[in-house]
Amino acid sequence: MQQFNTIIGSDIQAAKTFLENGEVVGIPTETVYGLAGNALDADVALKIFSVKNRPHFDPLIVHTHGIDEIEKYVSEIPAKARLLMQRFMPGALTLLLKKKSLVPDIITSGLDTVAIRVPNHPLTLKLLKELPFPLAAPSANPFGYISPTTAQHVFDQLQGKIPYVLDGGATAVGVESTIVGFDDDEPVVYRLGGLAVEEIEKVIGKVKVNVNAASNPKTPGMLKSHYAPAIDLIFDEPATLAKLRTEHKTAGVICFDKAIDGLTGSKQVLLSPVGDLNEAAKNLFAAMRSLDNSGVDIIYAVRFPDTGLGRAINDRLKRASVK
Ligand code: TXA
Ligand code: MG
């Protein structure tokens, strides 16, 4: 693989030039950082898979700058999809829609739907408007590891492999987009994410949630083990975690708004001292990363309330706990 002297900067023109030359670059979105390249060029898609070390059966999300743009790449938009687009784009929503043939098969891993979204980040929206093509972008982490929420996270793991990381600050949402597909025009949530199911239901009524990979060949990337730190992670109720050991000096603990009594000596991180699930989601991946690199030999993580973004947080922690 080609080696680069990776630069972090906020120069849209620099990012644009690399992308126009068929390179892949790190880009900010409101959810997590992406590893972006020309979505209409199959060779660029291959580069993305190889930098990320990602299996080709796991398709990529196409990013564009507006609803009108989406029409260029999809052949059908169910009525409920249109309502969601009008309400939540730009935003943390990815829709699975029937693709037109100009979207290369490698982008969708041969599926007849393409995952498409309009990211809500000023730098990336500006970049997308200036580019003559949409951007395919998986999260900018090596396959299976925790997604990056700062430009530095991207640099730490991909330096040398890409020429540029566009720095748009820490991401505002902190977990990946919510993925919604359509089964006979009926909406199905295939990945819990930064747009809460409750918000979706306010617009289109009750939706099915099917985030279980085994029963869901439609979203091949939703593996049981994912988003995982290098060290072990145990995900459970605070009371159960408190009983796990008598000596916790080597444990790091991810908590919601209060520390767990009885885990003396452990490193406890509160994701939101004021008890805000959105703030907790924003801080989740950085906390997992920093504990992973802090010298502890195990991470304990509590179960969050199963509402709003708490559902996405629990989903990520559960997958992180599977080896
Ligand atoms: O928030 C996000 O969505 C971030 C930012 C960078 O936009 N991107 C992201 O991409 O999370 P990635 O590649 O890490 O996750 C994409 C997920 C995978 O689980 C993949 O299987 C699924 O989307 N996916 C992509 N295209 C699909 C398709 N045509 N049908 C079903 N699932 C698809
Ligand atoms: Mg990912």
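How many residues of domain 1 are in contact with how many residues of domain 2?

Analyst: 23 residues of domain 1 touch 16 residues of domain 2, where contact means heavy atoms within 4.5 Å. The model is predicted, with local features needing pLDDT of at least 70 and side-chain atom pairs counting only at pLDDT 80 or more, while totals for chains, interfaces and linings use all residues. Residues are numbered from 1 along each chain as its sequence is written, chains are lettered from A and ligands numbered from 1 in the order in which they are written, and side-chain values use heavy atoms, with hydrogens and water left out.

Domain 1 covers residues 7-209 and domain 2 covers 233-320; these bounds come from an automatic or database domain assignment. Taken over C-alpha atoms, the centres of the two domains are 28 Å apart. Between them, domain 1 and domain 2 bury about 1,600 Å², 55% of it on carbon and sulfur atoms. Buried area is the accessible area (1.4 Å probe) that two parts lose on being put together, summed over both. On the side of domain 1, I146, V175 and L192 supply 34% of the area buried against domain 2, more than any other three residues.

Domain 1 and domain 2 share one salt bridge, that is, a side-chain nitrogen of Lys or Arg within 4 Å of a carboxyl oxygen of Asp or Glu. The side chains of E176 and R316 form a salt bridge, at 2.9 Å from N to O. Eight residue pairs, both residues at pLDDT 80 or more, are in polar contact between domain 1 and domain 2. Helix 6 (151-158) and helix 7 each give at least two residues to the side of domain 1 that touches domain 2. A polar contact is a pair of N or O atoms within 3.5 Å; within protein, one must be able to donate a hydrogen and the other to accept it, and residues adjacent in sequence count only if both atoms are side-chain atoms. Helices (H or I, at least four residues) and strands (E, at least two) are DSSP runs, numbered from the N terminus.

An α-helix has 3.6 residues a turn, so residues three or four places apart point the same way. Buried means under 20% relative accessible area, exposed over 50%, and partly exposed in between (1.4 Å probe, protein chains only). Just after helix 7, G205 has a positive phi of about 80°.

For comparison, here are some other charged pairs. The structure holds 18 salt bridges. One of them joins the side chains of E23 and K47, at 3.3 Å from N to O. E23 sits in the loop between helix 1 (12-20) and strand 2 (25-27), and K47 in helix 2 (residues 42-52), so the pair ties together parts that are 24 residues apart in sequence. E23 is buried, with a relative accessible area of 13%, and K47 is partly exposed, at 32%. D58 and R54 also form a salt bridge through their side chains, at 3.1 Å from N to O, and both residues are buried.
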